[in-house]
There are 2 protein chains.
Amino acid sequence: MDTAQAIGERRSAHYFDPSRSIADAQLRELFDLVKLAPSGYNLQPWEFVVIRDADGKRRLRAAARDQKHVTDASAMVVVCGTLDPGRHAERVFADWVAKGYFPAETGKKMADQVRGWSAKPLEQRRVWTTRSTALAAMTLMLAAKDLGLASCPMEGFEPDKVAREFGVPSDYEVVMLIALGYELKPDLERKARRGYEEIVHIERFGARGR
Amino acid sequence: MDTAQAIGERRSAHYFDPSRSIADAQLRELFDLVKLAPSGYNLQPWEFVVIRDADGKRRLRAAARDQKHVTDASAMVVVCGTLDPGRHAERVFADWVAKGYFPAETGKKMADQVRGWSAKPLEQRRVWTTRSTALAAMTLMLAAKDLGLASCPMEGFEPDKVAREFGVPSDYEVVMLIALGYELKPDLERKARRGYEEIVHIERFGARGR
């Protein structure tokens, strides 16, 4: 599917066909695209817990305001981001060095610097991991659209309860949930978006787009 | 361009052709796609300051570690997110009501609830706005790819300085910068990504993908 079409026609789905499932091969195709998302320093903070079993979806629904589409969806994805910026630093910067981006000494310094970020206040690390992990989440929704799957991002859930139920360690942020599946019926009319003139500022905040 | 191709071939560009520019019509085409990104409750926290003038790019570069691609890019986008969840609540929920998603009374309650979030601690609101604004940022990079533009997301900059230089009010988060333009030459080999088996967990965190 054309990219502009995928972006233009993607809508958050709320009515999924509960009789349909998503196979392992589809998951692999999907996440082999998701993993290509960009991230700060290529640190790739993301992790995805894919829930397809009925019991798991039931437990997730109980932590997500009892929303019906959680159990109707073919799969629920718990999108997580590490709160430890240094977690993958050593091999990520070794890769930069191996490919000639910078010399080994610089790579070592960079890895040390990023590992130092692990001492930053939790709230800064939450913003940090949310930023790159959400880039992967959007990639996931557009890749899903391309593969014929509807999706719905959700931020209305109890993150601590979700983490406890699905074993997400305390040094990971639960960034959002994404429902994936086959749409049974379309939602109501698409909700309005703020327009170009309002969201685009030219050269300076407040100077409107032409 | 096919969506999987756009996702698969998008790479962060660092060598832009400084002689090429991006026209108003291209900006409009781009942001008319970006605005369709999903956001929590459809609250659309995002704002984009587009910098094309040489003086603006020079000032931005000074706040972004003097990175050459800031001035070489045809346009720099300062991606901002409001820190006030209630900012657009009234009309967003009026739109939900107008389209039959829920009754007027519920709409009013929802708007009141979201306006209440404006009293949450700043750090929670930073995570909130980063989450949805980054979804729009990824949409921007894939839409750009589709329109023949290279991009580069950047988080290495001084947010306070950027805000001051471009008039971003203090109740907005500067989420990231995105360089847009025409690639002069490709970067070195693509940097490695963590694989499917590592990032996908089946049913429970730590249970690896098959």
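**View 1. Strands β1(A) and β2(A) pair in the antiparallel sense.** The two strands β1(A) and β2(A) are joined by 6 bridges, where strands are said to pair if DSSP finds at least two bridges between them. Helices (H or I, at least four residues) and strands (E, at least two) are DSSP runs that are numbered from the N terminus. Within this pairing, Val50(A) has Val77(A) of β2(A) as its bridge partner. The model is predicted, with local features needing pLDDT of at least 70 and side-chain atom pairs counting only at pLDDT 80 or more, while totals for chains, interfaces and linings use all residues. Residues are numbered from 1 along each chain as its sequence is written, chains are lettered from A and ligands numbered from 1 in the order in which they are written, and side-chain values use heavy atoms, with hydrogens and water left out.

**View 2. Strand β2 (residues 75-82) of chain A is mostly covered.** Of the 8 residues in β2(A), 8 are buried, a word that means under 20% relative accessible area, whereas exposed means over 50% and partly exposed lies in between (1.4 Å probe, protein chains only). One face of β2(A) carries Ala75(A), Val77(A), Val79(A) and Gly81(A), and the other carries Met76(A), Val78(A), Cys80(A) and Thr82(A), all of them buried. Strand β2(A) also pairs with strand β4 (residues 172-181) of chain A, in the antiparallel sense and over 8 bridges, and in β4(A) the residue opposite Val77(A) is Ile178(A).

**View 3. A strand of chain A meets a strand of chain B.** Strand β1 (residues 46-51) of chain A and strand β5 (residues 200-202) of chain B run parallel and are joined by 3 bridges. Here Val50(A) has Ile202(B) as its bridge partner in β5(B).

View 4. Between Glu47(A) and Arg194(B) the closest N and O atoms are 2.4 Å apart. This pair joins two chains, because Glu47(A) lies in strand β1 of chain A and Arg194(B) lies in the loop between β4 (172-181) and α9 (196-199) of chain B. Glu47(A) and Arg194(B) are both buried. In the salt bridge of Arg91(A) with Glu198(B), the closest N and O atoms are 2.3 Å apart.

**View 5. Glu90(A) and Arg115(A) meet through their side chains in a salt bridge.** The distance from N to O is 3.5 Å. This pair links distant parts of the chain, with Glu90(A) in helix α5 (residues 89-98) of chain A and Arg115(A), 25 residues apart from it, in helix α6 (residues 104-116) of chain A. Glu90(A) is exposed, at a relative accessible area of 57%, while Arg115(A) is partly exposed, at 36%.

**View 6. Chain A and chain B bury area against each other.** The area buried between them is about 8300 Å², with carbon and sulfur atoms giving 55%; buried area is the accessible area (1.4 Å probe) that two parts lose on being put together, summed over both. In chain A, the residues that lose the most area to chain B are Arg194(A), Glu203(A) and Phe205(A), together 10% of what that side buries.

Note on methods. Salt bridge = Lys/Arg side-chain N within 4 Å of Asp/Glu carboxyl O.
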